[in-house]
Amino acid sequence: MEDFFKAGKVYRHVAGGAPTGLGIFVVVYVGRAPGGFSSPAEPGEVAFGWRRGRRSDGAEGPMGAYTSADFSGWVELDDSDLLDALRAETG
């Protein structure tokens, strides 16, 4: 069981066994937030990357840069899971 995100991995947020609206999170860096970025709510490691999914306008595509200090609910996707997730995101 993973304790936190790993750089180079892809994750999907799940609640109640179903994907949430957070989309797919591609993690590119994990570490302490640099000075000026960190906040008291994030004293430990932070995952940095980008999300892709269904945006608020209903279109599927990039959702922009994303950070998370909370691993709760995120599950790593393997290659076949990623293919299924991308197909589901594009309808």
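Me: How many strands are in the open sheet, and what is their order?
Reply: In this predicted model, the open sheet has 5 strands in the order β4-β3-β2-β1-β5, and the pairing is antiparallel.

Me: Which strands are at the edges?
Reply: The edge strands are β4 (60-68) and β5 (74-76), each of which pairs on one side only. From one strand to the next, the twist averages 35°.

Me: What joins β1 to β2?
Reply: Strand β1 (residues 10-15) and strand β2 (residues 18-32) run antiparallel and are joined by 5 bridges. Across this pair, Tyr11 stands opposite Phe25 in β2.

Me: And how many residues lie between β1 and β2?
Reply: The two strands form a hairpin with 2 residues between them. In the turn, Gly16 has a positive phi of about 60°.

Me: How many bridges does β2 have with β3?
Reply: Strand β2 pairs with strand β3 (residues 45-54) over 8 bridges, in the antiparallel sense. Here Val30 stands opposite Ala47 in β3.

Me: Changing topic: which residues form the nonpolar patch on the surface?
Reply: The patch consists of Val26, Val28, Tyr29 and Trp50, which together have about 400 Å² of accessible area.

Me: Which strand gives the most to that patch?
Reply: Strand β2 does, with 3 residues.

Me: Take Val28, then. Where is its place?
Reply: Val28 is in strand β2.

Me: Why does Val28 count as partly exposed?
Reply: Val28 counts as partly exposed because its relative accessibility is 43%.

Me: How do side chains alternate in a regular strand?
Reply: In a regular strand, they alternate between the two faces of the sheet.

Technical notes: Residues are numbered from 1 along each chain as its sequence is written. This is a predicted model: local features need pLDDT of at least 70, side-chain atom pairs count only at pLDDT 80 or more; totals for chains, interfaces and linings use all residues. Side-chain values use heavy atoms; hydrogens and water are left out. Two strands pair if DSSP finds at least two bridges between them. Helices (H or I, at least four residues) and strands (E, at least two) are DSSP runs, numbered from the N terminus. Patches are made of residues with over 30% relative accessible area and no salt bridge: like charges are joined within 9 Å, nonpolar side chains (Val, Leu, Ile, Met, Phe, Trp, Tyr) within 5 Å. Accessible areas come from the Shrake-Rupley method with a 1.4 Å probe; for residues, only the protein chains shown count as cover. A salt bridge is a side-chain nitrogen of Lys or Arg within 4 Å of a carboxyl oxygen of Asp or Glu. Buried means under 20% relative accessible area, exposed over 50%, partly exposed in between (1.4 Å probe, protein chains only). Axes are lines fitted to C-alpha atoms, for helices over the stretch in contact, and angles run from 0 to 180 degrees between N-to-C directions.
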